[in-house]
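The stops below can be selected one after another.

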Amino acid sequence: MRIAMISPIAWRTPPRHYGPWEQIASLITEGLVKEGLEVTLFATADSITSAELISVAPMGYEEDKNADPKVMEYLHISNIFELADRFDIIHNQFDFMPLCFSRLIKTPMITTIHGFSSPKILPIYKKYNKHVRYVSISDSDRNPDLDYIATVYHGIDIKKFPFNPNPKDYLLFFGRMHPDKGAHDAIKIAKATGMKLYLAGPIQDRVYFEDMVEPYLCEKIKYLGSVGPDKRGELLSNAIALLHPIYFDEPFGLSVVESLACGTPVLAYNRGSMSEIVAKSVGILVNSFEEAVEKLPSIYNVKRIDCRKYVEERFTSQRMVSDYIKVYKMILNNL
C-alpha cells in the first residue's frame with residue numbers, strides 16, 4: 001500500500017518544540033513504515049523520517065521569517081497533487097487547503113480533522129464532504145454537518161515518557177500561552193492551594209502573557225519557556241499533577257495523555273474531549289475554578305501506575321497506526 005502523508009510546514013516534522021499536528025504526522029508515518037507500508041512524507045526539507053521525504057520548503061515558515069507562509073503552503077500542496085498518481089491513498093494532516101485540489105485527482109484522500117479553528121472554514125469541509133473521507137480525533141469534535149469514516153484518538157510514543165512513581169513538589173501547566181489554554185486559572189489554582197507551579201509552553205499571545213501570566217510569576221510560580229521533547233518527559237513525570245483549565249472545547253489534549261503516560265494525574269476543566277480522555281481513575285474533571293480548588297487535594301488518591309496503564313491500553317502510537325490502517329483498508333475496499 002502506497003501512502004502519501006501530508007504534514008503541515010509551519011514547523012519541522014517532527015517538531016523541535018511545539019507542533020502537535022507535525023508530531024502526529026510523524027508518529028503515523030514512522031508507524032506505517034514499521035508496518036511495511038510504502039510511505040512518502042511531504043514535509044519540510046529538514047524533517048526527520050524513515051519514509052521517503054519530498055519537500056519544497058527548506059524549513060518551517062515559523063522558523064524562517066523571510067518565507068511567505070501562503071506561498072510556501074501553495075507550493076507544498078500543489079506539489080503533492082501533481083504526484084498523486086503515485087499513491088493508493090493520500091492522508092492529509094494539513095487542514096482544509098488540500099481539500100480544494102481533491103476533485104482534480106483519482107487517488108482517494110482522507111483528512112484527519114485536528115479541530116476547527118473557526119466556523120468560517122466549515123464551508124470548505126462541507127463542499128467536499130461526500131468526496132473526501134474525514135477522521136475525527138474525538139467524538140466531541142465532530143461537526144453534525146459532516147460525515148466521518150471513524151474517530152481515531154491520537155497516540156504517543158510512550159517510550160519517550162518515563163513513568164515516575166515518586167513526583168517532586170510542583171504542579172505543572174503545559175501548553176500555549178493563550179487565553180484558550182487557561183494558564184491564568186492554573187496560576188489562580190496554585191495560589192489558592194499554596195502549591196508550587198511551573199508553566200511551560202510557547203507564548204502565542206504576547207498581550208495575554210504580559211497581562212495575565214507574567215505579573216504573577218514569583219519564587220513559587222515559574223515560567224520555563226517552550227520545552228522541547230528532550231525535557232518534556234522529565235518535567236511531566238516529576239509533577240504532582242497536570243493542571244489543564246481550558247477555556248475552549250479542545251478537540252484532543254495531547255499533553256494530557258503525555259502526562260498520564262508519566263504517571264502524572266490530570267485536573268482539567270470538563271470541556272471538549274476531556275470526558276473522553278480523562279477517566280475517573282486517572283484524573284479529576286471540574287467545571288469551575290472554585291471546584292478545582294476544592295477537589296485538587298483528592299488528586300493524591302489517584303494511583304500513578306494506573307495512569308501509565310491507562311495510556312498503554314488506549315493511547316499508544318501503535319494503536320493509532322493500527323486504527324489508520326483499518327481506515328485505509330475500508331476506503332480501498334469501498335466499505
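Start with E63 and R16, whose side chains form a salt bridge with an N to O distance of 2.9 Å. This is a predicted model. E63 sits in the loop between β3 and α2 and R16 in the loop between β1 and α1 (20-34), so the bridge ties together parts that are 47 residues apart in sequence. E63 is partly exposed at 30% relative accessibility, and R16 is partly exposed at 37%.

Next, select R86 and E52, a salt bridge in which the closest N and O atoms are 3.3 Å apart. R86 belongs to the loop between α2 and β4 and E52 to strand β3, so this pair ties together parts 34 residues apart in sequence. R86 is partly exposed at 36% relative accessibility; E52 is also partly exposed, at 40%.

Now select helix α2, residues 69-82. With 14 residues at 1.5 Å a residue, α2 should span 20 Å, and its end C-alpha atoms are 20 Å apart, which agrees. At the start of α2, a side-chain oxygen of D68 comes within 3.0 Å of the backbone nitrogen of K70. Colour M72, E73, H76, I77, N79, I80 and F81, which are buried. The buried residues of α2 pack against β1 (2-6), β2 (38-42), β3 (52-54), β4 (89-92) and β5 (109-113).

Finish at D157 and K159, joined by a salt bridge of 3.0 Å, N to O. D157 is buried, with a relative accessible area of 16%, while K159 is exposed at 65%.

Definitions and conventions:
Residues numbered from 1 in each chain as written. Predicted model: local features only at pLDDT ≥ 70, side-chain atom pairs only at ≥ 80, totals over all residues. Heavy atoms only, no water. Helix = DSSP H or I, 4+ residues; strand = E, 2+ residues; numbered from the N terminus. Expected span 1.5 Å × (residues − 1). Buried < 20%, exposed > 50% of the residue type's maximum accessible area, 1.4 Å probe, protein only. Contact = heavy atoms within 4.5 Å. Polar contact = N/O pair within 3.5 Å; in protein donor to acceptor, adjacent residues only side chain to side chain. Salt bridge = Lys/Arg side-chain N within 4 Å of Asp/Glu carboxyl O.
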